[in-house]
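Please report on the fold, core and surface of the model shown here. Keep each cut-off next to its term.

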Amino acid sequence: MAEAQGPTRPLSPHLQIYRWQMTMVSSILTRITGNALIVGVVLGVWWLMAAAIGPGYFNFVNAIATSWFGDLVFTLSAWAVWYHYLAGLRHLYFDAGHGLDVATAEKLGWACVIGSVVLTVITLIIV
């Protein structure tokens, strides 16, 4: 029986070889923010659950939620919500068949990043 030989075609290049593009970064950030929102939701639900359990447990959880860690989680969650929202609008625009050229897609990716930071700062000022 003939021995199996490896593929003769070139293997797919690794991520180190690719030049990072805004469309790639935007796609990765959309997935990361969607999954990272779970941390903020878990902390918020834990805080609400502690309020229902009793004052002693609530004081413990409230100390965590209002510490630097809780502030960081909730601030990053606000940014993630805004980014994920803007990226969703961007994808709706793409689904309509608009903005599919590279230059427009790059600009929309930057608009999502910059817009989410600006909206997060406005949210923090208002709240």
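## Val25

Val25 counts as partly exposed because its relative accessibility is 25%; buried means under 20% relative accessible area, exposed over 50%, and partly exposed in between (1.4 Å probe, protein chains only). Val25 sits in helix H1, residues 22-53. Its C-alpha atom is 9.9 Å from that of Glu106, 81 residues apart along the chain.

## Basis

This is a predicted model: local features need pLDDT of at least 70, side-chain atom pairs count only at pLDDT 80 or more, and totals for chains, interfaces and linings use all residues. Residues are numbered from 1 along each chain as its sequence is written, and side-chain values use heavy atoms, without hydrogens and water.

## Fold

The protein chain has four helices and zero strands. Helices (H or I, at least four residues) and strands (E, at least two) are DSSP runs, numbered from the N terminus. Of the 127 residues, 24% count as buried.

Contact means heavy atoms within 4.5 Å. Among contacts between residues at least 6 apart in sequence, 66% join residues at least 24 apart.

## Core

The largest nonpolar core has six residues: Met22, Tyr83, Leu86, Ala87, Cys112 and Val113. Such a core is a set of buried Ala, Val, Leu, Ile, Met, Phe, Trp, Tyr and Cys residues joined through side-chain atoms within 4.5 Å. Helices H3 (68-95) and H4 (102-126) each give two or more residues to this core. H3 supplies the largest share, three residues.

Not counting residues up to four places away in sequence, Met22 touches Glu106, Gly109, Trp110 and Val113.
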